[in-house]
Amino acid sequence: MINAKNSERNLQKSIPVRQAGRLGEGLEVALLLLPALLLLLVFTVWPTLNAFWLSFHRENLLGTERDWVGLSNYAEMLRDPAFWRAVGATFLFAAIVVPVQLVLGLLAALMVARPFPGVALFRTLFFLTTAVPTAVAAVAWGWYLHPIGGTLNRWLEAVGLPAQPWLTSPELALPTLAIVTAWAGVGFTAILLTAGLQQIPEDLYEAARMDGAGAWTQFWRITLPMLSPTLFLVALLTVLTSLTAFGQIHLLTRGGPMESTTVWIYRIYQDAFFNFRFSYAAAQSVALFLVLLLLAALQFRGLGRRVHYE
Amino acid sequence: MSSLPRWLARPLFYLLLGVYAWLLVLPLLSLLSASFRTEADLFTPGLLPPQPTLEAYREALAKHPILRYLLNSLVVSLAITLGVLLTSATLGYALARVRFAGQSLLFGFVVGLLLIPDEVTFLPRYLLVQELGWINSYWALIVPFLASPLGIFLMRQFIKSLPQDLFDAARIDGAGHLRTLWYVALPLAAPALGALGALSFLGAWNMYLWPLVVINQNEMKTAQIAIAQVQSVEVSSWNVVAAAAMLVLLPTLLAFLLAQRAFIRGIALGGLKG
């Protein structure tokens with residue numbers, strides 16, 4: 001018995017060795033590895049390193065040469081009120097997007113997680129926003145919130161409230177954009193949370209019902225605790241995407257009015273492509289990277305755990 | 001809702017569903033309605049257009065190369081999707097099933113790349129693409145995205161989860177790695193490939209910041225950034241803007257309705273958008 005087992009193990013081990021000696025194996029491995037590796041090195045690794053390199057340089061007036069300036073881009077950034085305004089706007093934006101998107105997505109997921117007649121139709125409707133490109137979502141809301149023709153202002157007027165300058169007032173524009181962003185993300189959140197809800201064993205609910213627990217108790221005592229790992233992961237993903245939201249801002253407000261919607265990534269875009277200060281923009285993007293890295297590290301731990309247990 | 005009588009709970013549940021779905025879809029319905037109106041009818045109240053007309057679509061298509069924009073987006077998204085599937089399958093297979101020196105190091109490297117967001121690399125990548133002379137070309141839009149750390153990671157996990165016996169059998173039959181990948185791993189990985197493909201396509205179709213900075217020639221624009229272009233030309237003709245937006249929405253909407261399963265699996269699997 002032991003012998004047979006051993007020889008089996010030896011067989012398994014010996015196959016790759018034999019293969020390695022065969023002509024062509026090296027070529028095959030190279031074909032498997034090289035295309036992806038080269039692409040990653042050239043278009044991800046090199047630009048990442050270059051972002052750091054750029055951030056320690058400054059271009060001359062013609063933009064033709066870059067001189068080493070050490071940390072002075074970073075020093076300038078920390079003293080730049082425009083940078084801090086952008087950082088503040090970014091976090092305020094995320095602070096609105098994340099809870100709104102999670103609550104709306106959870107509401108949708110709770111309604112369609114379990115089957116009922118017509119569930120397919122409602123899943124399609126609730127998940128639909130994932131199929132709506134950011135630019136289309138932005139235009140749809142631009143029209144929906146139109147000062148004169150927009151449906152929302154029409155409704156406000158119908159119930160006797162004044163129409164609001166949703167995207168043209170410095171106070172309202174950022175929260176409004178956050179709502180648009182949350183809306184566009186509802187489908188994504190609902191999909192992930194529905195998957196999470198479906199993994200909660202039905203027995204738990206049955207046991208709770210036997211003990212006389214109502215729907216409300218079941219939600220707080222079973223659904224929410226069991227869903228919390230998924231919720232945590234989805235929340236982090238939403239933070240990450242909301243910190244780098246760009247398209248809807250570019251289309252709807254161009255960072256205005258009065259720079260109220262100039263978020264971090266928009267500041268970087270403007271400094272690089274309108275103020276032609278690439279290295280200063282690079283310093284700001286490295287700073288953004290460090291913030292995102294911190295969050296992504298948390299997300300990755302969550303992802304690793306999920307993959308591990310599946 | 002267990003305290004409510006059943007005859008009441010059911011209709012109430014459907015009412016709630018209907019109202020919520022309606023509120024979620026309303027901005028899109030408003031857009032759809034605007035696209036079927038004439039400019040004179042734009043501000044007529046009501047969700048239904050008073051005199052439905054295709055005028056706005058005709059005008060959008062006549063004044064703007066919308067089909068060209070869509071074609072650009074389609075070429076770019078398909079090329080990226082194919083590339084990602086290919087590079088993810090090959091490197092994913094190598095990391096899961098081939099033994100070579102430094103394998104775990106390489107896997108760690110790919111996992112590390114998962115943490116690098118596009119928003120950080122886009123400035124230096126722009127300079128690189130400029131250096132290569134790719135500004136205003138498909139190359140700029142496609143090549144940087146042909147390999148995806150997330151795709152490689154997902155394919156590696158999937159191929160690793162397949163039974164070892166199958167790979168041993170292929171070996172014993174004398175199949176090399178490429179044949180084993182093609183005839184054994186890929187057919188079994190079809191659901192994973194479908195999900196990854198849907199995810200990649202959606203991400204590529206939705207790209208905004210990158211095409212905005214590498215494309216400034218009108219006929220090379222992708223559908224997403226072309227919408228900004230249409231909007232800036234048609235300042236007050238919201239019906240034309242709406243028609244253009246509907247035309248851009250149509251392909252992803254159709255793809256989503258037809259391959260909903262793959263999209264949902266892709267999103268649940270990757271948990272990343274764009």
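In this predicted model, residues 66–86 of chain B are 100% helix and 0% strand, and their end C-alpha atoms lie 30 Å apart. This stretch is one of those that UniProt, in an unreviewed entry, annotates as "transmembrane region" in chain B; the record lists residues 12–36, 66–86, 98–117, 137–159, 180–205 and 240–259.

**Annotated spans**

For chain A, the unreviewed UniProt entry places the feature "transmembrane region" at residues 29–49, 82–113, 125–144, 172–195, 231–251 and 278–298. Among them, residues 29–49 of chain A are 100% helix and 0% strand, whereas residues 125–144 of chain A are 70% helix and 0% strand. A further annotation in chain B, "domain: ABC transmembrane type-1", is also from an unreviewed UniProt entry and covers residues 70–259. The table sets out the computed values for these spans.

| Span | Helix content | Strand content | Distance between end C-alpha atoms |
|---|---|---|---|
| Residues 29–49 of chain A | 100% helix | 0% strand | 27 Å |
| Residues 125–144 of chain A | 70% helix | 0% strand | 18 Å |
| Residues 66–86 of chain B | 100% helix | 0% strand | 30 Å |
| Residues 70–259 of chain B | 77% helix | 0% strand | 20 Å |

Chain A is divided into domain 1, residues 2–55, and domain 2, residues 80–309. Between these two domains of chain A, 4 residues of domain 1 are in contact with 6 residues of domain 2. The domain 1 side of this contact in chain A comprises 3 nonpolar residues, 1 polar residue and no charged residues.

Chain B is also divided into two parts, with domain 1 at residues 6–53 and domain 2 at residues 59–270. The C-alpha centres of domain 1 and domain 2 of chain B are 33 Å apart. In chain B, 8 residues of domain 1 are in contact with 7 residues of domain 2. On the side of domain 1 of chain B that touches domain 2 of chain B, 4 residues are nonpolar, 2 are polar and 2 are charged.

**The contact between the chains**

Across the interface, 78 residues of chain A are in contact with 74 residues of chain B. On the chain A side, helix α2 (residues 25–55) gives the most, with 16 residues. By class, the chain A side has 59 nonpolar, 17 polar and 2 charged residues.

From α6(A), the residues V139(A), A140(A), W141(A), W143(A) and Y144(A) meet P27(B), L28(B), S30(B), L31(B) and A34(B) of α1(B). The contact of α6(A) with α1(B) has 9 nonpolar residues, 1 polar residue and no charged residues.

**Helix packing within chain A**

Within chain A, the axes of helix α4 (residues 81–112) and helix α8 (residues 173–198) come within 6 Å and cross at roughly 40°. This angle makes α4(A) oblique to α8(A). The crossing of α4(A) and α8(A) is right-handed, and their contact has 23 nonpolar, 6 polar and no charged residues.

**A loop with backbone features of note**

The loop between α11 (247–252) and α12 (264–273) of chain A contains P257(A). The peptide bond leading from G256(A) to P257(A) is cis, with omega near -10°. M258(A) is placed in the loop between α11 and α12 of chain A as well. Phi of M258(A) is near 55°, which is a positive value in a residue other than glycine.

How values were computed: Residues are numbered from 1 along each chain as its sequence is written. Chains are lettered from A and ligands numbered from 1 in the order in which they are written. This is a predicted model: local features need pLDDT of at least 70, side-chain atom pairs count only at pLDDT 80 or more; totals for chains, interfaces and linings use all residues. Domain bounds come from an automatic or database domain assignment. Ala, Val, Leu, Ile, Met, Phe, Trp, Tyr, Cys and Pro count as nonpolar, Asp, Glu, Lys and Arg as charged, and the others, Gly among them, as polar. Helices (H or I, at least four residues) and strands (E, at least two) are DSSP runs, numbered from the N terminus. Axes are lines fitted to C-alpha atoms, for helices over the stretch in contact, and angles run from 0 to 180 degrees between N-to-C directions. Angles under 35 degrees count as roughly parallel, over 145 as roughly antiparallel, 65 to 115 as roughly perpendicular and the rest as oblique. A crossing is left-handed if the near helix is turned anticlockwise from the far one by less than a right angle, and right-handed if clockwise. UniProt positions are given in the numbering used here, feature names are shortened, and annotations may be inferred rather than shown by experiment.
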